[in-house]
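Please keep the structure in view while reading.

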Amino acid sequence: MERVNPPRKVAERPYRGESASKRRSARSGRLTKALLNLVQELGIGTLTVSVVCERAGVSKRHFYEQYDNLDGLAEEVLESSFSAASERIASSTHQPTDGASGGFIAAAVEAILSTFDDARMAKLYLEAAVNRGIRDAKDRAVAKFVDSMLGVLTANSSPDPRAKLTAHLLIASASEVVAKWLDGDIALSRREVVACLVAIGSDGARRIGDGNFGTAAAEMRSNPIQSRGIRY
C-alpha cells in the first residue's frame with residue numbers, strides 16, 4: 001500500500017450550507033465504493049491512495065483528513081460490514097436459551113452470508129491475506145464480531161479462553177468458507193451451506209454455553225481408531 005506522510009488534519013466548516021460531517025460521510029461513501037470496485041476489478045495488490053481517490057473523485061488531502069492510509073479505509077469498510085451483521089443477529093427473534101441455539105446460529109450464518117452477498121466484499125475479505133495491513137484490519141474486525149457473539153452466548157464478562165477460541169474458530173472459518181463459496185470455490189447450494197454451518201455452529205455454541213470443551217486426551221481415548229500413535 002502507498003505510504004506517505006499525511007497532511008495535517010484541519011477543522012472543517014460548513015460549505016454551501018452543508019455541514020463538515022455530512023461532507024465527510026459523502027466522501028467516505030465514495031471512497032468505499034471506489035475501493036470495493038477496484039478490488040473487484042484489479043485486486044488489492046495494485047491499489048494506491050492515488051488510484052482510489054481518482055476513482056472516487058476525492059482529493060488526497062481530503063482522504064488523509066479521514067484516514068492514515070488505505071488500510072484504515074479497508075478496516076472501516078470491513079468493520080462496518082461486520083457491525084451490520086451483529087445488528088442483524090441482535091435483532092433476530094432467535095436467541096440462544098437453554099441450549100436451543102439452532103435458530104440463533106442460523107440467524108448468525110444468514111447474517112454472515114448477507115455480509116458477503118456483495119462479491120466485492122467477499123473478494124476484499126479473501127485478498128486481505130496478501131496485504132499485512134489489511135489482513136490485520138480484517139482480523140480486528142473479526143475479533144470485534146467474535147466479542148459481540150460471545151456477549152450473546154455467555155453472560156460472563158471474562159469468558160473462558162476456550163470459549164473465545166471456539167467462537168473465533170467458528171466465525172473466522174465460517175466467514176472464510178462463505179467468501180470462498182460466493183467466489184465459486186465450493187460446489188454447494190446456499191441451503192446446503194447454511195445447513196452445514198448451522199450444524200457445526202450449533203455444536204460450538206452449545207460448548208460455549210455449557211462451558212464443556214472436554215479434553216483432547218479424553219475425547220481421543222473414547223475413539224481408539226483416531227488415537228493410534230498418540231501418547232498421553
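## Burial and fold

Of the chain's 232 residues, 38% count as buried, meaning under 20% relative accessible area with a 1.4 Å probe and protein chains only. The model is predicted: local features need pLDDT of at least 70, side-chain atom pairs count only at pLDDT 80 or more, and totals for chains, interfaces and linings use all residues. Residues are numbered from 1 along each chain as its sequence is written, and side-chain values use heavy atoms, with hydrogens and water left out.

The chain contains 10 helices and 0 strands; helices are DSSP runs of H or I with at least four residues, strands runs of E with at least two, both numbered from the N terminus. Among contacts (heavy atoms within 4.5 Å) between residues at least 6 apart in sequence, 66% join residues at least 24 apart.

## The largest pocket

A pocket is an open set of points on a 1 Å grid over the protein atoms alone, where a 1.4 Å probe fits, with protein on both sides within 12 Å along at least five of seven lines; lining residues have an atom within 4 Å of a point. The largest pocket holds about 260 Å³ of space. Its lining comprises 17 residues, and Leu170, Ile171, Ala174, Leu197 and Gly201 are the closest to the centre.

Each helix below supplies at least two lining residues.

| Helix | Residues |
|---|---|
| H5 | 102-115 |
| H7 | 132-153 |
| H8 | 161-182 |
| H9 | 190-210 |

H8 gives the most to this lining, with 7 residues.

Note on methods: Buried means under 20% relative accessible area, exposed over 50%, partly exposed in between (1.4 Å probe, protein chains only). Grid points are joined across faces, edges and corners, and a volume is the space filled by probe spheres set on the points.
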